[in-house]
Amino acid sequence: MRFTVILILLSASTAFSFQRGDGYEYLTPQEKDMLEKTLEQSPQTSLCSRTVEFANKSREEFLPRGPKSDFILVDKQRRLIHLLRDEQVLATYRMALGGRPVGHKVMEGDERTPEGLYFFDMKNERSDYHLSLRINYPNSRDLRSAKEKGISDPGKDIMIHGLPNSWIKRKLIRHPRDWTRGCMAVTSSEVEEIFASVELGTLIEICP
């Protein structure tokens with residue numbers, strides 16, 4: 001069974017130590033470190049080879065009161081975000097990416113979205129872009145890679161988020177055309193559904 005070790009940990013999410021602020025919550029550094037080490041030490045089977053299969057199973061109708069998602073699959077090529085549970089598609093959303101979406105994120109300002117397996121480490125209700133769910137980029141692997149390449153700033157704050165709260169900024173974009181700086185953007189109503197379905201620590205795989 002895929003992700004067996006990690007899902008055992010995530011099933012105990014009620015025992016996670018969350019830190020909360022004004023409108024947001026995030027995993028403690030200890031929880032992040034535990035999950036990152038688990039991912040590094042437990043080789044996982046990627047779902048990226050099955051993006052066509054999941055695209056054919058896309059579901060655009062979603063019931064917010066349905067079961068929680070246990071895995072998020074992002075298909076950069078087709079601009080799709082799939083919410084999965086037991087490898088079944090709960091919902092699918094069309095997304096916008098950054099101005100240079102091809103390839104793994106390397107440094108701040110390259111307008112790329114990371115590729116690989118991550119998890120959500122923060123949920124923010126007061127984001128500038130109507131709700132946001134941040135992934136743990138850069139993780140230890142990304143930091144090592146950046147250091148080897150002599151890159152001082154690999155970037156940060158990669159999120160799934162909604163449209164800008166500012167009406168001026170909303171007028172300047174042409175969603176779902178690519179407009180972010182490397183994040184994955186959906187509509188505001190769609191991010192509300194994702195926000196309700198995803199818990200901190202949920203895994204997300206971002207495929208080329």
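Colleague: How many disulfides does the structure hold?

Modeller: One. This is a predicted model, where local features need pLDDT of at least 70, side-chain atom pairs count only at pLDDT 80 or more, and totals for chains, interfaces and linings use all residues. Residues are numbered from 1 along each chain as its sequence is written, and side-chain values use heavy atoms, with hydrogens and water left out.

Colleague: What makes Cys 48 and Cys 207 a disulfide?

Modeller: The term needs a pair of cysteine sulfur atoms within 2.5 Å. The sulfur atoms of Cys 48 and Cys 207 are 2.1 Å apart, so the pair qualifies. The angle about the S-S bond is -90°, a left-handed link. Cys 48 sits in the loop between α2 (29-41) and α3 (51-56), and Cys 207 in strand β10 (residues 203-207), 159 residues apart. Helices (H or I, at least four residues) and strands (E, at least two) are DSSP runs, numbered from the N terminus.

Colleague: Why is Cys 207 called buried?

Modeller: Buried means under 20% relative accessible area, exposed over 50%, partly exposed in between (1.4 Å probe, protein chains only). Cys 207 has 1%, so it is buried.

Colleague: Why is Cys 48 called partly exposed?

Modeller: Its relative accessibility is 22%, so Cys 48 counts as partly exposed.

Colleague: And what makes Cys 183 buried?

Modeller: Its relative accessible area is 10%, so Cys 183 is buried.

Colleague: What is the mean pLDDT of the protein chain?

Modeller: It is 89, and 89% of the residues reach 70 or more. pLDDT is the predictor's confidence in each residue, from 0 to 100. Over residues 7-14 it is below 50. Where pLDDT is low, the predicted coordinates should not be read in detail.

Technical notes: Contact = heavy atoms within 4.5 Å.
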